[in-house]
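Visitor: I have a structure open here and would like to talk it through. Can we start with how the helices pack?

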Amino acid sequence: MNILQPIGHYVLKFFKTVGALVLFTFTALSHCVRPPFYPRAILRQMVEIGYFSLPVVGLTTLFAGMVLALQSYTGFSRFSAEGAIANVVVLSITRELGPVLAGLMVAGRIGASMAAEIGTMRVTEQVDALTTLSTNPYKYLIAPRLIAGTAMLPILVFIGDIIGVLGGYIVAVYKLGFNASNYLQSTWEFMSTADVVSGLVKAGVFGFTITLMGCYHGYNSKGGAQGVGQATTNAVVSASILILCFDYILTEMFFAK
Amino acid sequence: MSDIPKIRIRDLHRAFGPKVVLDGINLDVMPGESVVIIGGSGTGKSVMLKCALGLLSPDKGTIEVDGENVVNMNARERERINHKFSMLFQSAALFDSLPVWENVAFGPIADKSVTRHNAKDLAIEKLAQVGMPADVADLFPAELSGGMQKRVGLARAIAGDPDIIFFDEPTTGLDPIMADVINDLIVKVTKEVGATALSITHDMASARKIADRIAMLYQGKIIWQGPAATIDDCDNPYVQQFINGRADGPIEMAVRK
């Protein structure tokens, strides 16, 4: 009996959290499509998520592309298959590494800052103040972030894809001595629209997930500085896990035969 | 003066788990009147205010505003009622990310009663009403002292010309001189706006200054209410202990148990 009690407690707590998250998601989505809209808030979030995350995402995908080319060369040279490096780089970057690495970096940067900002607003009564000023916090705080996150991640990933492929090109041409035009031609031939589009769809889903987790944990934070800190940690951890989880599900949907 | 109370609270109950916070509150606030609820920390003053604002749902009872029951209203109806309200929060609850003028004009911009172009002029006018110079308008809340933040909060509270203003511990955390300045401003601006005021505080100097009528909350019930001028003559031992700040008496602090 004593053993079952804590298990039951955690099971109930888990379902309560899942229920609260589902309710939060549907409420937030309903406010994304119903007026009033706050275009200035959406624009501000787009700049914050898209523009200011660009250096982090750019550097991450650049080095990912460079490492990928280097490692592929090490492995493929054993089988005299160096010509496949361009294929491996463009496929890996557009399908997987671009969206996943960008998602994880943005989860760390944006998910954390959203949870901290909304959490601080919650514990300092700023969210209550919005309500007293006839402004729905879902519309003013949550919906602009969800819209901006879902819209900007694909753009970030698209730019990240280009930079990642460029990273592979730099290593292949300037370090491994590949012919520049041959490498570019191989890259272009192996790149397919489906690979790029699937990566961008993943990015949209990741963008929604990151902002949802940031907003949910921030909005429900309690208990002052410690509660805000906990919300920030939870936002980053849950967004990162969900990114990897959705990555598998979407890969299965797009490419499973 | 109308016979219908601006706010009419009847048999209001609210508990958090086993802890009963409000245990059958009855209170009327007439139009243009300033009522102050006094009581120790944790007696349910803030919970009562949050129930009136719709930030918390009571377990039982009614809250009527201009004769209309506002308990369990849907979100749209609640938004309509909230247009009649404004609030000065204990911590001022100014929006960190917005300059002072946008904080002050937030409500009128949100309900489109002023264009964004004219909002700054309105904010400067309201800041002048609380004795603040125009150059404060472009500062951010973090650049203001506690007393200045309270005054900006007060300017925000009166910006929409509300019918009812709630004051949550308006002088907490201020030095005695600034507290008196805030008390004077509260009296002045509520009269200028012609608003009904409901305040909660445990600062007796503040209560005496801003109240037409005082009510005392103890163990979830209103145990005494009457004109502010008569509170010193009342024979209720709980009230006498509270207003004289005596440790000995019928009110036992949790720490002494």
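Guide: This is a predicted model. In chain A, helix H4 (residues 85-123) packs against helix H9 (residues 224-255) at an angle of about 150°, and their axes are 8 Å apart.

Visitor: What does that make H4(A) relative to H9(A), roughly parallel or roughly antiparallel?

Guide: Roughly antiparallel, because angles over 145 degrees count that way.

Visitor: Which hand does the crossing of H4(A) and H9(A) have?

Guide: H4(A) passes H9(A) in a right-handed crossing. The residues in that contact comprise 14 nonpolar, 9 polar and 1 charged.

Visitor: What else is in chain A besides those two?

Guide: Chain A has 9 helices and 0 strands. From the N terminus, its elements read α-α-α-α-α-α-α-α-α. The C-alpha trace of chain A spans about 65 × 55 × 35 Å along its principal axes.

Visitor: How much of chain A counts as buried?

Guide: Of its 257 residues, 46%. As for contacts in chain A between residues at least 6 apart in sequence, 88% of them join residues at least 24 apart.

Visitor: Next topic. How many residues are in the largest nonpolar core?

Guide: That core has 137 residues. Those with the most contacts inside it are A:Cys215, B:Met48, B:Val104, B:Leu127, B:Leu154, B:Ile165 and B:Phe166.

Visitor: Which element gives the most to this core?

Guide: H4(A), with 18 residues.

Visitor: Pick B:Leu127. What is B:Leu127 in contact with, leaving aside neighbours within four places in sequence?

Guide: B:Leu127 is in contact with B:Val104, B:Met132, B:Ala134, B:Val136, B:Ala137 and B:Ala155. B:Val104 is also among the core residues with the most contacts.

Visitor: And where the two chains meet?

Guide: The contact takes 10 residues from chain A and 16 residues from chain B. On the side of chain A that touches chain B, there are 2 nonpolar, 6 polar and 2 charged residues.

Visitor: One more, in chain B. Where is B:Gly160?

Guide: B:Gly160 sits in the loop between helix H6 (146-159) and strand E7 (164-168) of chain B.

Visitor: Is B:Gly160 buried or exposed?

Guide: Buried, because B:Gly160 has 24 C-beta neighbours inside 10 Å and the cut-off for buried is 20 or more.

Visitor: What does B:Gly160 touch, outside four places in sequence?

Guide: B:Gly160 is in contact with B:Ser86, B:Gly107 and B:Pro108. The C-alpha atoms of B:Gly160 and B:Ala105 are separated by 8.0 Å, with the two residues 55 residues apart along the chain.

Conventions
Residues numbered from 1 in each chain as written. Chains lettered and ligands numbered in written order. Predicted model: local features only at pLDDT ≥ 70, side-chain atom pairs only at ≥ 80, totals over all residues. Axes fitted to C-alpha atoms, helices over the stretch in contact; angles between N-to-C directions. Helix = DSSP H or I, 4+ residues; strand = E, 2+ residues; numbered from the N terminus. Parallel < 35°, antiparallel > 145°, perpendicular 65-115°, else oblique. Left-handed = near helix turned anticlockwise from the far one by under 90°. Nonpolar A, V, L, I, M, F, W, Y, C, P; charged D, E, K, R; others polar. Core = buried A, V, L, I, M, F, W, Y, C linked by C-beta atoms within 7 Å. Buried ≥ 20, exposed ≤ 12 C-beta atoms within 10 Å, placed from the backbone. Contact = placed C-beta atoms within 7 Å.
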